[in-house]
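Please open the model in a viewer and keep the selection tool at hand.

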Amino acid sequence: MRTLIWFEIRKIVQKKSFVFAFVLLFGLQVFLAAFGAFGNEYIAVDRGQGETEAVFLRSFADRNKTDRSAGVRYTGTVFDEAFLARIREAFAPYQNEKDEAHRMTDDYIAGAGDYEIVLDRLKMYTGRYGDGYAAALVSSEKEFYALMQERREKFWDEYFLLGKEERAHWQEMQERQPDKLTFEYCYAWEEIIGMQGMYFTHMLLVFFFAVTMTFVFLNEVSRNTDQIILCTKKGRSQLYAAKLLAAELVSLVTTVLFALTLMAGRFLTYGPEGFFARFTDAVAPWYPGDLTMGQCSLIFLLVLMLSSVLITLIACLLSFVTKNGVASVSVLVAGLFAARLVPIPADFAFIGKLWNTLPINVLKWDEGFSDMRLFRVPWGWLTVWQTALILYAVCIAALIFAGKRIYCRTQISGR
C-alpha cells in the first residue's frame, strides 16, 4: 500500500500541469507575502487652482519600522481619558489642513506622526474613516465609548439582525469583557487573517487544486486502462484509497507551504508581536468574544487545511463522475466565485449564516468568521466558524464513503 501511495504521489507531482501551476501560484504567494515590504507612500499636496500633486513621503519599509516602534511602545495602553487627550492634543493643530503637506514637517513627525497607528485603530472603533482626524478628536472618554456602543448596536441590530436569544447570548458575553479597550500592536496577525492573507491564499489553492487534482482519477479513464486495472488484485478499494491519500497528502503539504510562506513574510515585514492581542481590541470591537489574534490565525489555518482536503476530494470525485477535467475545473472555479459574489440578504438568516460557512466566507474575518448569528445545538450555541469546521469534517467523511461506492460501481458498470 505504501508503495502504491508513493507511486500515485509521483504521478501527481511529475505532471507538467502540476509543475506549471505550482511555479506560477507559489510565485504569486511569495510576492503576496513580501508585498508590504516594498513600495513607497505618497501624499496629496495642494498646488493651487484645484490641482494636487502626489509627493513622496517615505518608503513602506520606513513606515513599517515607524509603526512597529510606536505600536510596541503603546501596546497595553488603555483607551482612557488621559490617552485620548494625548491623541486629541497631537492631531488638533492639523484638523483644518487642506492637504497632507503637514505630514512632512518635523513638528508633525515628532508629535502626531507617532500616533498614526493609533489613529487607524480609532477610525475602526468609531467608524469615522473619511473625516480626516475626526476619529482622534473625540471630546472625552465618555463620547468615545458612546460612539463605540452606538456602532456595536448598529452591527447587532442592523447588520446581523440578531434574534432575542442570540442577542441575549452576546450581551452576556459582552458583560464579561473589560470595560475599556486596550491598544495592542498585532499588524502581522491582522494581515494574516485579512483579505491579502489566508483569504487570498485559499483562492490560489482552489485554482491550484482545480488544475492539478482533477486528473488523479482521469488518467486511467482517458487511456482506457481503467477496466484492466479493475482486474488486478488492488485495482478497486485499495487503489481508490491510495489515489485519494496521495492527492490529500499533496494538497495538505501544499497548503501548509503556502500558509507558512504567508506567515513568514508577514512576520519579517511587520514583526511577530500581538499573538495574545484580543480579537475585539484589534479588529472587531462589536464582537464580544475571548479569542486572541493568534488563536484566530490558528483557526484560519485549520479552516484552510480542512477546506483544502474537502476541495481536493470534490475535485477528484467530480473528475471521475463527469469523465471530463475541464468540466470539473469549471465547476470548482464557478463555485468559488459564486460563494464570494452572490449576496444573501440579512432577512434570510438561516440561509445567510449557512452560506457564510463556505470556506471563502469563513476566511473573511469581517463576514463569515465574525458573523454573530448562531446555530442552536442541544448543548448550547455554535458560531458560524465552529459550525463550518464540523460541516467540513462531516462532508469529508461522507464524500470518502460515497466516492468509494461510486468508484467501484462505475468500474463494474463500465465493463
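**Aromatic pairs**

A search of the whole structure finds 33 aromatic pairs; rings of Phe, Tyr and Trp (its six-membered ring) pair if their centres lie within 6.5 Å, and planes under 30 degrees apart count as stacked, over 60 as edge-to-face and the rest as tilted. The model is predicted, so local features need pLDDT of at least 70 and side-chain atom pairs count only at pLDDT 80 or more, whereas totals for chains, interfaces and linings use all residues. Residues are numbered from 1 along each chain as its sequence is written, and side-chain values use heavy atoms, with hydrogens and water left out.

Select phenylalanine 18 and phenylalanine 208. Their ring centres are 5.2 Å apart and their planes stand at 65°, so this pair is edge-to-face. The pair links distant parts of the chain, 190 residues apart: phenylalanine 18 lies in helix α2 (residues 16-34) and phenylalanine 208 in helix α10 (residues 195-212). Helices here are DSSP runs of H or I with at least four residues, strands are runs of E with at least two, and both are numbered from the N terminus. Phenylalanine 18 counts as buried at 9% relative accessibility, and phenylalanine 208 does so at 0%. Buried means under 20% relative accessible area, exposed over 50%, and partly exposed in between (1.4 Å probe, protein chains only).

Next, select phenylalanine 279 and tryptophan 365, an edge-to-face pair with 6.0 Å centre to centre and 90° between the planes. This pair also links distant parts of the chain, 86 residues apart, with phenylalanine 279 in helix α14 (residues 279-282) and tryptophan 365 in helix α19 (residues 365-369). Phenylalanine 279 and tryptophan 365 are both buried.

Now widen the selection to the aromatic cluster that includes Phe279, Trp286, Tyr287, Trp365 and Trp385.

**Two packed helices**

Select helix α4 (residues 81-91) and helix α6 (residues 116-126), which pack at an angle of about 110° with their axes 11 Å apart. Axes are lines fitted to C-alpha atoms, for helices over the stretch in contact, and angles run from 0 to 180 degrees between N-to-C directions. The contact (heavy atoms within 4.5 Å) is made by Phe83, Leu84, Ile87 and Phe91 of α4 and by Glu116, Val118, Leu119 and Leu122 of α6.

**The whole chain**

Of the 415 residues in the chain, 50% are buried.
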